[in-house]
Amino acid sequence: MALINAETKLCDVILNEPTLIPVINRFGIILGVGDKSIRTVCEEKKLDSEFFVTILNTFINEDYFPENRLKSFCAAQIVDYLTQTNAFYKQFQIPNIERHFNSLIQKSNNGNNNLELMKQFFDELKKELLTRIENDQNHWFPTIKAAAESLHGEYYGNPIAQDAQESDTLEEKLDDLKSLFVIHLKGEYELNLCHGVIFAIYSLEKDIKQHNRIRNRILRPMANAMIEATQNKR
């Protein structure tokens, strides 16, 4: 899909890329947007239209990643978006996969189809994701916001070297889980529920991939620079 801008009708964007629905939901926007432009919708919701457009373009175009543009936004603004993203994972995407997975196991007749083993693999993946979300919520994000407040909200990012990324195998494990379905699923199983699980896993994998790009290439270096700056003020 071509890059969008603030004058693009939001309905056209959603119709062309329905996977954006969860993303716009994080900004407090639900379906029923009419034929309004993105700028108009953002004005009504009191949102930064440029930040909103940048996030949408980053999500729908894998080759588009404007590091300099994202660094021009306030770190707290990025934290708020990633906080909403984490909440969506915890409240909707993970329960959705679990619900479909459990129904698939219950309605599949063959006990030797490897579904139980796949569910165990997913449970470990879920545990890792929830642990990261808890750390974000209780430690990392509050630290970033405290540093931003200490600097009077004046920090908007510097072109500093990229920090080493945290250990994060979520993308790899989600890809492995898809492979388990494609290669190792056996016997009889409920086809529609199986499709539901696979597509839900794919959606989460795509979302986390974009989340990690913003998290590791933008927010982490900004956070380290802010924390260093606050320490130098003492």
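A residue is called buried when its relative accessible area is under 20%, exposed when that area is over 50%, and partly exposed in between. The exercises below apply this and related ideas to a predicted model.

**Exercise 1. Decide whether Cys 42 and Cys 194 are buried or exposed, and state how many disulfides the structure holds.**

Solution. Begin with Cys 42, whose relative accessibility is 1%, so that this residue counts as buried because the cut-off is under 20%. A search of the whole structure finds zero disulfides.

**Exercise 2. Describe the overall make-up of the protein chain: how many helices and strands does it have, and what share of its residues is buried?**

Solution. Counting the elements gives nine helices and zero strands, and reading along the sequence gives the pattern α-α-α-α-α-α-α-α-α. The chain has 234 residues, of which 44% count as buried. To see how the chain folds back on itself, consider the contacts between residues at least 6 apart in sequence: 81% of these join residues at least 24 apart.

**Exercise 3. Find out which residues touch the most other members of the largest nonpolar core, and which helix gives the most to this core.**

Solution. The largest nonpolar core has 40 residues, and the members that touch the most others are Leu 10, Phe 52, Ile 144 and Leu 219. Several helices each supply at least two residues of this core, among them H1 (10-16), H6 (75-107), H7 (115-150) and H9 (191-233). The helix that gives the most is H4, with seven residues. Taking Ile 144 as an example, and leaving aside its neighbours within four places in sequence, we find it in contact with Ala 75, Val 79, Leu 219, Ala 223 and Met 226. Apart from this core lies another, of 24 residues, which includes Ile 97, Leu 115, Leu 177 and Cys 194.

**Exercise 4. Classify the ring pair of Phe 27 and Phe 52 and the ring pair of Phe 88 and Phe 92.**

Solution. A pair of aromatic rings is described by the distance of the centres and the angle of the planes. The whole structure contains eight aromatic pairs. In the pair of Phe 27 and Phe 52, the centres are 4.9 Å apart and the planes stand at 85°, so the pair is edge-to-face, since that class takes angles over 60 degrees. This pair links distant parts of the chain, for Phe 27 is in the loop between H2 and H3 while Phe 52 is in helix H4, 25 residues apart. Both Phe 27 and Phe 52 are buried. In the pair of Phe 88 and Phe 92, the centres are 5.4 Å apart and the planes are at 35°, so the pair is tilted. Because Phe 88 and Phe 92 are four residues apart in helix H6, they are separated by about one helical turn. Finally, ring pairs link Phe 27, Phe 51, Phe 52 and Tyr 81 into a cluster.

**Exercise 5. Judge the confidence of the model: where in the protein chain is it lowest and where highest among the helices?**

Solution. For the chain, the mean pLDDT is 85, and 89% of the residues reach 70 or more. Confidence is lowest in helix H5 (residues 67-71), at a mean of 75, and highest in H3, at 95. Over residues 155-165, pLDDT stays under 50, and for this stretch the model has 26 contacts beyond four places in sequence.

Key: Residues numbered from 1 in each chain as written. Predicted model: local features only at pLDDT ≥ 70, side-chain atom pairs only at ≥ 80, totals over all residues. Heavy atoms only, no water. Core = buried A, V, L, I, M, F, W, Y, C linked by side-chain atoms within 4.5 Å. Buried < 20%, exposed > 50% of the residue type's maximum accessible area, 1.4 Å probe, protein only. Contact = heavy atoms within 4.5 Å. pLDDT = per-residue confidence, 0-100. Disulfide = S-S within 2.5 Å. Phe/Tyr/Trp six-rings, centres within 6.5 Å; stacked < 30°, edge-to-face > 60°.
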